[in-house]
Amino acid sequence: MPELPEVETIVRDLEHRLKNKKLTGIKSLDKKVFRLTAAEAKKIIGQPVRSVERRAKMIIINLGRDNLLIHLKMTGQLVYKSKAAIIAGGHPIKLERQDLPNKFTRVIFKFSDQSALYFNDVRRFAWVKLASAAELASLKGKLGAEPLGSDFTLDYLKKVLARKRKTTIKQALIDQKFISGIGNIYADESLFAARIKPMRRAGSLEPNEVKKLWQAIPKILRLAIKHRGTSFSDYVDARGQAGNFIKYLKVYGRAGQPCQGCAGLVKKIKLGGRGTHWCDECQK
Ligand SMILES: [Zn+2]
């Protein structure tokens, strides 16, 4: 599942490609994924793209009055195709130029310069919705704080941990109601960076540990964005490149391998059903 850095990478790549292009057509191939009514879809044809943004793991294509909201969920993939380029972001569905549209294509957006954005999804949990500016503002208000935003203060993190004091710190970090966009990879990496064991109760953290964690989260996310996210297997981002952050992972996906901080081995257990990685020596 793409987390904040992977979604941010797609958004940054699509923003300059889609900006100012007029939406000239929409082809819906799956009503479960494409959740606009026929009237809503008709209404947005002809509107130019003002911006492409991210809030939590949601992609927002701003059309001025209305906003297209896209969530990749487990297996969503966006593929932009123009005469000059074919670029993809999101889930690693193997991509060939002749494969568009393919059997996983759920929606096709067409633009004024003959380019198109294909929304593919294998498991069909992904969605496209329409929201007015007011609806979007209300939706944004219900989401947890952006860990790279100004509302993610040390005080905010302290309050989150106080409310989740009996939960493990790993599970507290991935609860989207409180903090947006952190999933398995970046929770494990942030906890390693802050030297905190993931199975500790959130309420057991000392003030200096909370501070270290608060500093580690944005640092890890920014580094991951710089390296275009983490990709496994044949994942490609919106430039058709693999995310390079995999080289920088300290614990995630490294169970049984030597820890980079000590002589021990990286361990793995399931916490709340999620694979969780840590080093028993480096983390307290
Ligand atoms: Zn270690």
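This report describes the helices, the nonpolar cores and the zinc site of one predicted model.

## About the model

Because this is a predicted model, local features need pLDDT of at least 70 and side-chain atom pairs count only at pLDDT 80 or more, while totals for chains, interfaces and linings use all residues. Residues are numbered from 1 along each chain as its sequence is written, and side-chain values use heavy atoms, with hydrogens and water left out.

## Helix α1

Helix α1 covers residues 4–18, which is 15 residues, and its first and last C-alpha atoms are 20 Å apart, close to the 21 Å expected at 1.5 Å a residue; the expected span is 1.5 Å times one less than the number of residues.

In what follows, a residue is buried if its relative accessible area is under 20%, exposed if over 50%, and partly exposed in between, using a 1.4 Å probe and protein chains only. Since 12 of the 15 residues of α1 are buried, this helix is largely enclosed by the rest of the structure. Among the buried residues are Leu 4, Val 7, Ile 10 and Leu 14, but also Glu 6, Asp 13 and Arg 17. Just after α1, Asn 20 takes a positive phi of about 70 degrees.

## The nonpolar cores

A nonpolar core is a set of buried Ala, Val, Leu, Ile, Met, Phe, Trp, Tyr and Cys residues joined through side-chain atoms within 4.5 Å. In soluble globular proteins, nonpolar side chains tend to be buried together. The largest such core here has 32 residues, and those that touch the most other members are Leu 161, Ile 169, Leu 173, Ile 182, Tyr 186 and Leu 213. Helices α4 (154–163), α5 (169–173), α6 (184–193) and α7 (207–226) each supply at least two residues of this core, and α7 gives the most, with 8 residues.

Contact, here and below, means heavy atoms within 4.5 Å. Leaving out residues up to four places away in sequence, Leu 161 touches Ile 169, Ala 172, Ala 202, Leu 205 and Val 210. Apart from this core lies another, of 30 residues, which includes Val 49, Leu 63, Leu 78 and Val 128.

## Helices α6 and α7

Helix α6 is mostly covered, with 9 of its 10 residues buried, including Ile 185, Tyr 186, Asp 188 and Phe 192. The buried residues of α6 pack against α1, α5, α7 and β11, and the helix is followed by Arg 195, whose phi is positive, near 60 degrees. In the loop between α6 and α7 sits Arg 201, which counts as partly exposed because its relative accessible area is 46%. Beyond its neighbours within four places in sequence, Arg 201 is in contact with Arg 165, Lys 166, Thr 167, Thr 168 and Ile 169.

Helix α7 has 20 residues and reaches 29 Å from its first C-alpha to its last, close to the 28 Å expected at 1.5 Å a residue. The buried residues of α7 pack against α1, α4, α5 and α6, and Val 210, Leu 213 and Ile 217 are among them. Pro 218 also lies in α7 and is buried, at 14% relative accessibility; not counting residues up to four places away in sequence, Pro 218 touches Pro 147, Leu 148 and Phe 152. The C-alpha atoms of Pro 218 and Tyr 186 are separated by 9.8 Å, although these residues are 32 places apart along the chain. After α7 comes Arg 228, with a positive phi near 65 degrees.

## The zinc site

The zinc ion is coordinated by the SG atoms of Cys 259, Cys 262, Cys 279 and Cys 282, at 2.2 to 2.4 Å. Donors are N, O and S atoms within 2.8 Å of the metal (3.2 Å for Na, K and Ca), and because water is not among the atoms, sites may look incomplete. The 4 donor atoms subtend angles of 99 to 116 degrees, so the arrangement is tetrahedral, a label that requires four donors with all angles between 85 and 135 degrees.

In sequence the donor residues are spaced C-x2-C-x16-C-x2-C. Cys 262, in the loop between α7 and β10 (267–271), and Cys 279, in the segment after β11 (274–278), are 17 residues apart and link distant parts of the chain. Cys 262 is partly exposed, at 26% relative accessible area, whereas Cys 279 is buried, at 0%, and Cys 259 is likewise buried, at 6%. A search of the whole structure finds 0 disulfides, where a disulfide is a pair of cysteine sulfur atoms within 2.5 Å.

Key. Helices (H or I, at least four residues) and strands (E, at least two) are DSSP runs, numbered from the N terminus. Four donors count as tetrahedral if all angles lie between 85 and 135 degrees; four count as square planar and six as octahedral if opposite donors are over 155 degrees apart and all others between 65 and 115; anything else is irregular.
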